[in-house]
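Please read it alongside the sequence and the coordinates.

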Amino acid sequence: MRIFDTRTAFDDVLGGTTKWSRTGEAIDVAPSLHQGVAYSIGDSLTYVIDDAASLAREHLVGRRRYHMVVASTHGTVRLEVALKSNLDASTDYDDHTDRQHFSGSGEVVDVPEGAICIVDIDEAARILPEAETTAVQLHVTVEGATFHNK
């Protein structure tokens, strides 16, 4: 897991590659979009903006092909994150959805307004249902530095 305190810090480290630059652009535009509607840039990046309660899940979710990225746009979003190796798989991996549910517990981390968190593919995570918080949740391909279809 990597947390960047600001969009500028995110850009300073990752902004030189197409996939992360597009991630930043999606984060920037998301507040002007409809909440709860999924948007995408090809099949390499999908994103949705919504309140944390709507983005919250019962189980920790792990992925293999996409990083989960969470950017807080209002309030402090709380995530629970753990290494998959420290959890018990409660479902088999589904190649169609790129999801696997896990049981167990992880570290609760705060993503303050303006910050960005990247969950690595060896981790599972879930957004916790915090009142009066809004976030952009993105899924960004783990493959390469560019978007081959863009």
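Cavities and pockets are found on a 1 Å grid over the protein atoms alone. A cavity is a set of points where a 1.4 Å probe fits but cannot get out. A pocket is an open set with protein on both sides within 12 Å along at least five of seven lines. Lining residues have an atom within 4 Å of a point.

This is a predicted model, in which local features need pLDDT of at least 70 and side-chain atom pairs count only at pLDDT 80 or more, while totals for chains, interfaces and linings use all residues. Residues are numbered from 1 along each chain as its sequence is written, and side-chain values use heavy atoms, with hydrogens and water left out.

## Empty space

Rolling a probe the size of a water molecule over the atoms shows where empty space is left. Grid points are joined across faces, edges and corners, and a volume is the space filled by probe spheres set on the points.

How many cavities of 30 Å³ or more does the whole structure hold? The search finds one.

The largest pocket has a volume of about 480 Å³. It is lined by 23 residues. Arg57, Arg63, Arg99, Gln137 and His139 lie nearest its centre. Ten of the lining residues are nonpolar, six are polar and seven are charged. E3 has the largest share, with four residues.

## Strands

Helices (H or I, at least four residues) and strands (E, at least two) are DSSP runs, numbered from the N terminus. Two strands pair if DSSP finds at least two bridges between them.

Six strands form an open sheet in the order E7-E8-E4-E11-E6-E9, with antiparallel pairing. Strand E7 (88-89) and strand E9 (107-111) stand at the edges, each with a single partner strand, so one side of each has no neighbour in the sheet. Within the sheet, E6 (residues 77-83) and E11 (residues 123-127) run antiparallel and share five bridges. Val81 has Ala125 of E11 as its bridge partner.

Strand E5 (residues 66-74) is mostly covered, with seven of its nine residues buried. Buried means under 20% relative accessible area, exposed over 50%, and partly exposed in between (1.4 Å probe, protein chains only). Two antiparallel partners run along E5. Strand E12 (residues 134-141) is joined to E5 by eight bridges, and Met68 stands opposite His139 there. Strand E10 (residues 116-119) is joined to E5 by four bridges, with Ala71 opposite Ile116.

## Salt bridges

Side chains of opposite charge can pair when their charged atoms come close. A salt bridge is a side-chain nitrogen of Lys or Arg within 4 Å of a carboxyl oxygen of Asp or Glu. The count comes to six. The table lists some of them.

| Pair | N to O distance |
|---|---|
| Arg2 and Asp120 | 3.0 Å |
| Arg7 and Asp11 | 2.4 Å |
| Asp110 and Arg78 | 2.7 Å |

Take Arg2 and Asp120, which meet in a salt bridge. Arg2 lies in strand E1 (residues 2-4) and Asp120 in the loop between E10 and E11, so the pair ties together parts that are 118 residues apart in sequence. Arg2 is partly exposed, at 31% relative accessibility.

Asp110 and Arg78 also meet in a salt bridge. Asp110 lies in strand E9 and Arg78 in strand E6, so this pair ties together parts that are 32 residues apart in sequence. Asp110 is partly exposed at 40%, and Arg78 is partly exposed at 31%. Elsewhere, salt bridges that share partners join Arg7, Asp11 and Asp28 into one network.

Arg7 and Asp11 are four residues apart in helix H1 (residues 7-14), so about one helical turn separates them. Arg7 is partly exposed, with a relative accessible area of 22%. Asp11 is partly exposed at 32%.

How values were computed
Ala, Val, Leu, Ile, Met, Phe, Trp, Tyr, Cys and Pro count as nonpolar, Asp, Glu, Lys and Arg as charged, and the others, Gly among them, as polar.
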